[in-house]
Amino acid sequence: MPVELEVVGIRIELPANQPIVLLKAVYQPRFLPIWIGSGEANAIGIAQRGLEPPRPLSHNLMADIIAAYDDELKEVVITGREQHIYYAELRTEKGKAISARPSDALALALIADCPVYTTEELIEEAGIEAPEADEEEVAQFREFLDHVSPEDFEGEAGQS
């Protein structure tokens with residue numbers, strides 16, 4: 001049975017300064033953290049805030065290409081993991097399944113405003129228990145997300 005996820009946001013793992021996209025299971029107290037590259041962190045942050053770049057960025061371009069072929073993104077599925085590498089699929093309304101890196105797929109999901117899912121097995125295997133929400137910590141994290149900018153991630157090495 002698929003597990004719906006929501007993109008909580010981007011965090012920076014210290015001391016390596018490695019971006020992590022944090023996904024939360026909608027109906028379970030579990031998080032799925034995925035280490036990503038700084039470029040993808042920028043794209044996810046821009047899409048999460050609903051910002052429209054003056055010219056299409058790569059993920060906007062991919063969404064435009066899907067639309068140009070008279071299709072639309074229906075859902076994104078984080079399909080699995082081998083060692084520390086995660087895999088995802090873009091699934092379209094016309095039944096196409098396109099392999100993608102999770103970071104790219106998440107940026108597209110935010111741009112297309114479509115749901116994100118994973119498998120029950122993956123959330124159990126790779127997910128972490130969500131602690132009870134500390135309202136002050138949640139407020140601080142939201143404040144961080146409101147004020148972080150793409151420039152905060154420039155020049156950092158990373159992979160997805």
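Two strands are taken as paired if DSSP finds at least two bridges between them, and with that in mind the strands of this predicted model can be followed from one partner to the next. Strand S5 (residues 85-92) runs antiparallel to strand S6 (residues 97-100), to which 4 bridges join it, and within this pairing Ala-88 stands opposite Ala-100 in S6. The hairpin of S5 and S6 has 4 residues between the strands, and one of the residues in this hairpin, Gly-95, takes a positive phi near 90°.

S5 also pairs with strand S4 (residues 73-82), again in the antiparallel sense, over 8 bridges, and here Val-76 is the residue that stands opposite Leu-90 in S5. S4 and S5 form a hairpin with 2 residues between them, where Gln-83 in the turn has a positive phi of about 55°.

In a regular strand the side chains alternate between the two faces of the sheet. S5 has a covered face made of Tyr-86, Ala-88, Leu-90 and Thr-92, while Ile-85, Tyr-87, Glu-89 and Arg-91 make up the uncovered one.

From the strands we turn to the helices. Helix H3 (residues 102-112) is mostly covered, with 8 of its 11 residues buried; these are Pro-102, Ser-103, Asp-104, Ala-105, Leu-106, Ala-107, Leu-108 and Ala-109. After H3 comes Asp-113, whose phi is positive, near 55°.

Helix H2 (residues 58-68) packs against H3 at an angle of about 65°, with the two axes 9 Å apart. Because angles of 65 to 115 degrees count as roughly perpendicular, H2 and H3 are described in that way, and H2 passes H3 in a right-handed crossing. On the H2 side of the contact are His-59, Asn-60, Met-62 and Ala-63, which meet Asp-104, Ala-107, Leu-108 and Ile-111 in H3. The residues of this contact divide into 5 nonpolar, 2 polar and 1 charged.

Glu-6, in strand S1 (residues 2-13), is partly exposed, with a relative accessible area of 41%. Leaving aside residues up to four places away in sequence, Glu-6 touches Leu-22, Leu-23, Lys-24 and Val-26, and its C-alpha atom is separated by 8.5 Å from that of Tyr-117, 111 residues apart along the chain. Glu-121, found in helix H4 (residues 120-126), counts as exposed because its relative accessibility is 58%, and between Glu-121 and Val-3, 118 residues apart in sequence, the C-alpha to C-alpha distance is 9.5 Å.

Key. Residues numbered from 1 in each chain as written. Predicted model: local features only at pLDDT ≥ 70, side-chain atom pairs only at ≥ 80, totals over all residues. Heavy atoms only, no water. Buried < 20%, exposed > 50% of the residue type's maximum accessible area, 1.4 Å probe, protein only. Axes fitted to C-alpha atoms, helices over the stretch in contact; angles between N-to-C directions. Parallel < 35°, antiparallel > 145°, perpendicular 65-115°, else oblique. Left-handed = near helix turned anticlockwise from the far one by under 90°. Contact = heavy atoms within 4.5 Å. Nonpolar A, V, L, I, M, F, W, Y, C, P; charged D, E, K, R; others polar.
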